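Open your viewer and get ready to select a few side chains. We will visit charged groups, then aromatic rings.

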Amino acid sequence: MTTTPYTSPIPVRRAHLGDAIASEWTKMRSLRSTLWTLGVMVVLVLGLGVLLAYAIGEASASPDAYEGGSVLTLGLLGMLLATVCVITLGVLTITSEFGTGMIRTTLTACPSRGRVLTAKAIVFFALVFVTTTLVSAFTAAAQCAVLGTTGGASAGQWIRVTVGVGLFMAFLGLLSLAVGALLRHSAGSITTMIGLVLLPYVLAIGLYTPELNDLRTALVEYSIPALLGTLYTGGPVGGMPMPSGWQPLWIIMGVTAVALAGAYTALDRRDA
């Protein structure tokens, strides 16, 4: 008896990066950690920004004549605290799969490890960039509305505080994702990243001798909080000579590129 070979009605094609991105987006929006971390970030940035503007308005005899410089700088405090949320989400984006063993299933479905990491990076970057840019814009608008003035903010500062800060936070998250891929441990990776944020200030406290003054200054001015603050102020923080303008963005991009290169190499050479 002759049998007719079965032909699947589902078209067969080669998988590509778009399929991996769709898979990672499904994971990202299905995890409760995504909702919690980004939700807390929004509350911190918007809530603290509006509260600061309201407090200044109440303390001032003429709230519509804000003399503390650009109103947009009031969003810095909330964004500094939000870095912890972005770092946590960036690490969990990859370490959660190593912790549960789900990474084996992922790499079985998509043997190209570089494609998996690229898809994670694209989805994570887009999500954090859009979320941070929007919340920064809403916070800035709300602060201006509360105080009744922009404090002389220029168009360039508006772009840095919204798009610039969104890019900076997204690259900071990518750096955290790369560290997670290298260490493969959630607690260790989060601790490492938070240490990267705080360590320059801790070291600067101990480097109080005149001979180490240049090193102490460099540690502080190139720290993540100082770089983020520069995007809000547009100039050096605390009168320090460097960096200024958009330079903090180029710095975080360079550091993230190096870390991602290491993450691609480690993911390709080590067992899952």
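Buried means under 20% relative accessible area, exposed over 50% and partly exposed in between (1.4 Å probe, protein chains only). This is a predicted model: local features need pLDDT of at least 70, side-chain atom pairs count only at pLDDT 80 or more, and totals for chains, interfaces and linings use all residues. Residues are numbered from 1 along each chain as its sequence is written, and side-chain values use heavy atoms, with hydrogens and water left out.

Start by selecting K120, which is buried, with a relative accessible area of 2%. Which partners does K120 have in salt bridges? One is E24, with the closest N and O atoms 3.0 Å apart; another is E97, at 2.3 Å. A salt bridge here is a side-chain nitrogen of Lys or Arg within 4 Å of a carboxyl oxygen of Asp or Glu. The pair of K120 and E97 links helix α5 to helix α3 (residues 76–100), 23 residues apart. Helices are DSSP runs (H or I, at least four residues), numbered from the N terminus.

Shared partners join E24, K27, E97 and K120 into one network.

Next, select F125, F129 and F171, one aromatic cluster. Rings of Phe, Tyr and Trp (its six-membered ring) pair if their centres lie within 6.5 Å; planes under 30 degrees apart count as stacked, over 60 as edge-to-face and the rest as tilted. F125 and F129 are stacked, 6.3 Å centre to centre with 10° between the planes. F125 and F171 are edge-to-face, at 5.0 Å and 70°.

Note on methods: Helices (H or I, at least four residues) and strands (E, at least two) are DSSP runs, numbered from the N terminus.
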